[in-house]
Amino acid sequence: MTDYYEILGVPRDASAEQIKKAYRKLARELHPDVAGEAGEERFKEVARAYEVLSHPDKRQQYDLGVDPTAPGGGAGGGFGNGFGFQDIFETFFGGGGQPSGPVPRARRGQDALVRLDVELSEATFGAKRELQVDTAVVCGTCSGGGCRPGTDLKTCEVCHGRGNVQRVARSFLGQVMTTAPCAACQGFGTVIPEPCPDCSGEGRVRSRRTLTVNVPAGVDTGTRIKLTSQGEVGPGGGPAGDLYVEIREKPHEVFVRRGDDLHCTLPVPMTAAALGTVLDLETLDGAQEIDLRPGTQPGQVITLKGLGVGHLHAGGRGDLNVHVEVQVPTALDDEQTELLRSLATLRGEERPEPRLAAAHPGVFSRLRDKLSGK
């Protein structure tokens with residue numbers, strides 16, 4: 001049967017757009033007005049191929065081994081209607097993908113995922129943590145073999161160790177031999193006459209164990225740490241998969257993290273903001289002096305360089321941003337009230353003239369609103 005895919009120069013899984021593009025290219029090159037009589041027959045072949053492959057129903061028939069352009073729409077190459085190359089291949093080779101030999105019992109295990117809660121200080125500086133995991137490990141009784149101690153695997157009497165069996169099937173070609181996995185041994189070629197009492201022949205058991213995890217500085221919620229070959233041991237004592245430790249950072253009562261920068265609020269009295277002062281601020285690195293300049297305004301940010309979270313897989317750290325919150329006294333005694341009245345008189349602020357301005361929320365207010373979903 002003529003290979004129309006080869007004529008158009010496209011793969012058998014080509015899309016309709018690929019087929020159309022290939023046809024147009026060849027049609028321009030082989031058109032009799034361009035190529036003359038020499039390209040006439042080739043042009044007809046290309047047109048016939050496009051007629052079949054561009055039509056979904058005709059293409060389906062062709063893929064099943066039927067050439068719709070043949071006289072009477074008969075099957076090409078003597079194949080019965082609806083029986084194509086794929087069917088023949090599966091008849092001869094048992095689906096085309098079955099292994100020819102026994103399947104190994106030892107197979108790689110699955111990867112595992114556990115979650116680890118860390119404090120902000122651990123995410124900032126890094127830490128070593130003990131982690132308990134419950135995974136499959138190699139059975140200590142049979143060492144992964146699956147057999148009771150003192151016994152061994154036995155060659156399958158059905159497939160004689162091949163892992164597959166052959167049987168005769170009828171087809172339009174007559175009797176053909178097909179191959180399939182052996183049902184008696186599941187394709188392993190061997191059977192376990194006496195399974196291990198602890199793992200029931202699996203070669204692995206579940207066990208809880210303790211691992212040490214190095215948490216690098218800069219981890220954040222969602223960061224995954226890969227521990228190679230610390231996951232589930234595979235069936236038959238096969239190699240273990242990997243263990244992924246997913247980090248979940250606990251909220252801190254004082255500091256809010258944004259990237260590798262930290263933010264906090266520093267409430268200060270109105271007088272301290274007006275006159276200036278030096279304050280001690282307790283940070284993750286211990287007490288740090290804050291130089292509050294005279295005339296400090298509400299919402300002003302004081303940045304302490306390098307006191308934030310460490311950068312993941314890189315040197316250095318983020319910054320600590322201190323947002324000043326000026327506290328206005330709400331309860332004054334007579335003497336304090338009189339002093340403030342005197343100050344207002346000196347500054348000419350007994351009846352201040354109102355001046356409206358556009359609202360500009362502070363950085364920390366915007367950050368807080370974003371974190372709270374406002």
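Modeller: On a 1 Å grid over the protein atoms alone, a pocket is an open set of points with protein on both sides within 12 Å along at least five of seven lines, and a volume is the space filled by probe spheres set on the points, which are joined across faces, edges and corners. The largest pocket has a volume of about 270 Å³. This is a predicted model, where local features need pLDDT of at least 70 and side-chain atom pairs count only at pLDDT 80 or more, while totals for chains, interfaces and linings use all residues. Residues are numbered from 1 along each chain as its sequence is written, and side-chain values use heavy atoms, without hydrogens and water.

Colleague: Which elements give two or more residues to the lining of the largest pocket?

Modeller: Lining residues have an atom within 4 Å of a point, and the elements are helix H8 (270–275) and helix H9 (334–346), with helices being DSSP runs (H or I, at least four residues) numbered from the N terminus. H8 gives the largest share, four residues. Among the lining residues are Met-270, Leu-340 and Arg-347.

Colleague: What makes H4 roughly perpendicular to H5?

Modeller: H4 (residues 40–53) and H5 (residues 56–63) pack at an angle of about 100 degrees, with axes 6 Å apart. Angles of 65 to 115 degrees count as roughly perpendicular, so H4 is roughly perpendicular to H5.

Colleague: Which residues of H4 and H5 meet?

Modeller: With contact meaning heavy atoms within 4.5 Å, Glu-51, Val-52 and Leu-53 in H4 meet Lys-58, Arg-59 and Tyr-62 in H5.

Terms used. Axes are lines fitted to C-alpha atoms, for helices over the stretch in contact, and angles run from 0 to 180 degrees between N-to-C directions. Angles under 35 degrees count as roughly parallel, over 145 as roughly antiparallel, 65 to 115 as roughly perpendicular and the rest as oblique. On a 1 Å grid over the protein atoms alone, a cavity is a set of points where a 1.4 Å probe fits but cannot get out, and a pocket is an open set with protein on both sides within 12 Å along at least five of seven lines; lining residues have an atom within 4 Å of a point.
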